[in-house]
Amino acid sequence: MIQLLEVDQVSDIDLMNIKQEFLKNKEIIHGCNGLTNFKEINQWRKYVQRLEYNPPKSQVKTKQFIISDNSRYPLGVIDFRFKLNDYLQKEGGHIGYSVRKNARGLGISKQALELLLEWIKKENILSEVLLTCQENNSFSKNTILACGGRLERVIVVNNKFVEHYKIKI
């Protein structure tokens with residue numbers, strides 16, 4: 001069983017460990033709002049808080065969560081974007097997520113996406129969300145499909161096929 005934690009419920013050390021693990025593996029952390037771009041975790045926390053309450057004009061309002069197990073061990077990240085700008089309409093969509101390498105293949109991303117969809121429904125934010133993934137990302141595609149995603153279209157962005165899925169809330 002997993003849970004979605006608020007950013008302030010996770011220690012700086014745990015957040016730094018996630019960041020370092022993805023950097024070491026040369027992987028992009030989707031759904032982290034630039035965690036790897038900040039030297040200090042505290043600065044990232046402030047940025048994430050700003051995205052939720054007072055985003056810069058170039059950004060959209062975003063809610064950040066940390067995916068964890070019942071012992072609060074961080075397994076990954078997931079975020080929700082309340083609106084879509086031009087970029088997010090092509091790539092990114094309303095939800096982004098990444099799971100640590102050692103937690104992949106266990107259904108963690110599916111559980112996290114289900115929990116986030118429940119949160120969106122409870123908060124009565126949207127009736128439908130857009131999720132995107134590259135055509136060759138079978139893990140993300142399977143997660144989206146397992147949560148009720150319907151393929152709406154496929155577009156080309158930077159010479160890569162990006163699939164657009166909708167999930168009704």
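User: Which element gives the largest share of the lining of the largest pocket?

Analyst: Helix α5 does, with six residues. Helices here are DSSP runs (H or I, at least four residues), numbered from the N terminus. This is a predicted model, where local features need pLDDT of at least 70, side-chain atom pairs count only at pLDDT 80 or more, and totals for linings use all residues. Residues are numbered from 1 along each chain, and side-chain values use heavy atoms, without hydrogens and water.

User: What makes a residue part of a pocket lining?

Analyst: A lining residue has an atom within 4 Å of a pocket point; on a 1 Å grid, where a 1.4 Å probe fits, a pocket is an open set with protein on both sides within 12 Å along at least five of seven lines. The largest pocket holds about 1,400 Å³. Of its 48 lining residues, the closest to the centre include His30 and Tyr97.

User: Why are α4 and α5 called oblique?

Analyst: Their angle is about 45°, and the axes are 9 Å apart. Angles under 35 degrees are roughly parallel, over 145 roughly antiparallel, and 65 to 115 roughly perpendicular, with the rest oblique. The two helices are therefore oblique to each other.

User: Which residues make the contact?

Analyst: Contact means heavy atoms within 4.5 Å. Ser109, Lys110 and Leu113 of α4 meet Thr143, Ile144 and Ala146 of α5.

User: Which element gives the most to the lining of the second largest pocket?

Analyst: α2 does, with seven residues. That pocket has a volume of about 220 Å³.

Conventions
Axes fitted to C-alpha atoms, helices over the stretch in contact; angles between N-to-C directions. Points joined across faces, edges and corners; volume = space filled by probe spheres on them.
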